[in-house]
Amino acid sequence: MAATDPMLSGGADFRTRLQNWLPKIVLAPSFAVMVLFVYGFIAFTVYLSFTGSRMLPSFDLVGFQNYERLFRVRQWDTAIINLGIFAGLYIVISTIIGLFLAIFLDMKIRGEGLLRPIFLYPMALSFIVTGTAWKWILDPAIGLEVTVQRWGWESFQFDWIKDSDMAIYTIVIAAVWQSSGFVMAMFLAGLRGIDNEILKAAQMDGASNFQMYRRIILPQLRPAFLSAFVILSHLAIKSYDLVVAMTDGGPGTSTWLPALFMYEYTFTRNQMGIGAASAVIMLMTIAAIMVPYLYAELREKN
Amino acid sequence: MSIASNDTVIRSSKVTRVFLYLVLVLFALFYLMPLFIMAVNSLKPLDEITSGGMLSLPRNWTIEPWLSAWSTAQIGVSPTGLRPYFINSIAMAVPAVAISTIAGALNGYVLTKWHFRGATWVFGLLLFSCFIPFQIVLIPMARVLGLLNISGTTYGLILVHVVYGIGFSTLYFRNYYAAFPTELVRAAQIDGAGFFQIFWRIMLPSSGPIIAVCCIWQFTNIWNDFLFGASFASGGAAPMTVALNNLVNSSTGVREYNVHFAGAIMAAAPTLLVYIVAGRYFVRGLMAGSVKG
């Protein structure tokens, strides 16, 4: 609008024309960088996923071979099942804890100003730091197990992190610790946005606390639920650092997630084609969640 | 996060309130525990840790683990401690934050105040780029850094973080400037102010809060990044997160837990400090980064 104001673009001298082009010139580098480094790179990786690339990229097309092989590799099965377990539990538990902490904090709690930052600080830490801390807390040799045993409960056992069937659940514990405070903040913002007058009216009509939560408050928190789901699932699918720091995929390959699979196959096992194929699947999974959400958000605003 | 009112309509009995406080305090302890464990164990001699008692205070206080983690611990092949990697992370984060914030401010200004055809598309593409799994760009990025001859260097990481930081910084400034009165921009334009004059004299002076939010968000993200650091700079140019992981996971011989804990706190210190000093902005950044606008 502003740039094509007839009053200003009337004089066609160089300075004016430059002024009219300036906004686009300023945006151009970012746009170019994005087209090349994001969408160009995505296209390149998609292309690689159809080639026989191994240690180095090669350009001989092999059709869907990499995808067929990917779905036959046992580690990919492990990674997908683990992602299911991890993402499911991580999202559900973080949401429940976040929701209840927010509801509790919203009840005129003294010391809210002290509690809130305590719940939230893990989000400021890197997954590597979180992983390092939880790795040793859950390590049976020095951590929780031996501590509880020294308190007198001698038969206490908690060695999940060394148990290939249970190790994935230790990742869930650390991840929930990291993110549930953030979910709390989102719900708290949602709760504070609810109009108290409606609640007061419902109360006058004799609604119980439970009814008010079920019929008024929770339905109004729907956007917060949706945002929490989108962000947590996005974080879960990308999860890499936490697993590397805590178990490095072990014991064996029992805590592999797709992100770890991609890295291992591409950079240490010289199966770049399969690695690229797994990255494409990750992208498609995230896109299936993010694109409709972003589209709805953008449309709502315009 | 703006909190409208601290009022609540929900009434609760005394028993309920005791229960509420109990749960909240228990969770506070749960969240604080790892930090407490890292702190006390980083100040103990090793034998106090290996003999159990992770939660107890040190009997012999020592700062030896801190000194070791900082300057003598074995990281990868050389006993340099974490210091050079801490410096790497700063040398990487400061320019990357500065450049991506400036780019974001200019982009946000253009996208909100200088409408042109396709602006929504440009923004949509930028927005989606924030949420791609970075695994999809790792292979081509490695090639490009190799071609530019900056793979394995801090410059390479700066480039990577600027490139993938622009999406978020643009998102922040666009949402912020969208609420900025366009009439002011128009009026200045009629008075003959140019593109940069308007940006410099009108937009920037009122952008303090969003600059803070954007810098904090970018700094936290870039400082905490591991994937790019591990992929593109694993040698002497490695950032702090990668060095910490090397210290903890590939140490041969005796596992010096106390040194690892000290190192973990060092890696966490800058972002924790930012959180303590500017928590309000940090939270706002988190919430805005969670798509909302």
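How many residues does the contact take from chain A and from chain B? It takes 108 residues from chain A and 106 residues from chain B, where contact means heavy atoms within 4.5 Å. The model is predicted, so local features need pLDDT of at least 70 and side-chain atom pairs count only at pLDDT 80 or more, whereas totals for chains, interfaces and linings use all residues. Residues are numbered from 1 along each chain as its sequence is written, chains are lettered from A in the order in which they are written, and side-chain values use heavy atoms, without hydrogens and water.

The area buried between chain A and chain B is about 10,000 Å². Carbon and sulfur atoms give 75% of this area. Buried area is the accessible area (1.4 Å probe) that two parts lose on being put together, summed over both.

Within chain B, helix α3 (residues 64-72) packs against helix α13 (residues 257-277) at an angle of about 65°. Their axes are 8 Å apart. Axes are lines fitted to C-alpha atoms over the stretch in contact, with angles from 0 to 180 degrees between N-to-C directions. Helices are DSSP runs (H or I, at least four residues). α3(B) is therefore roughly perpendicular to α13(B) (65 to 115 degrees). P65(B), W66(B), S68(B), A69(B) and W70(B) of α3(B) meet N258(B), V259(B), A262(B), G263(B), I265(B) and M266(B) of α13(B).

Key. Helices (H or I, at least four residues) and strands (E, at least two) are DSSP runs, numbered from the N terminus. Angles under 35 degrees count as roughly parallel, over 145 as roughly antiparallel, 65 to 115 as roughly perpendicular and the rest as oblique.
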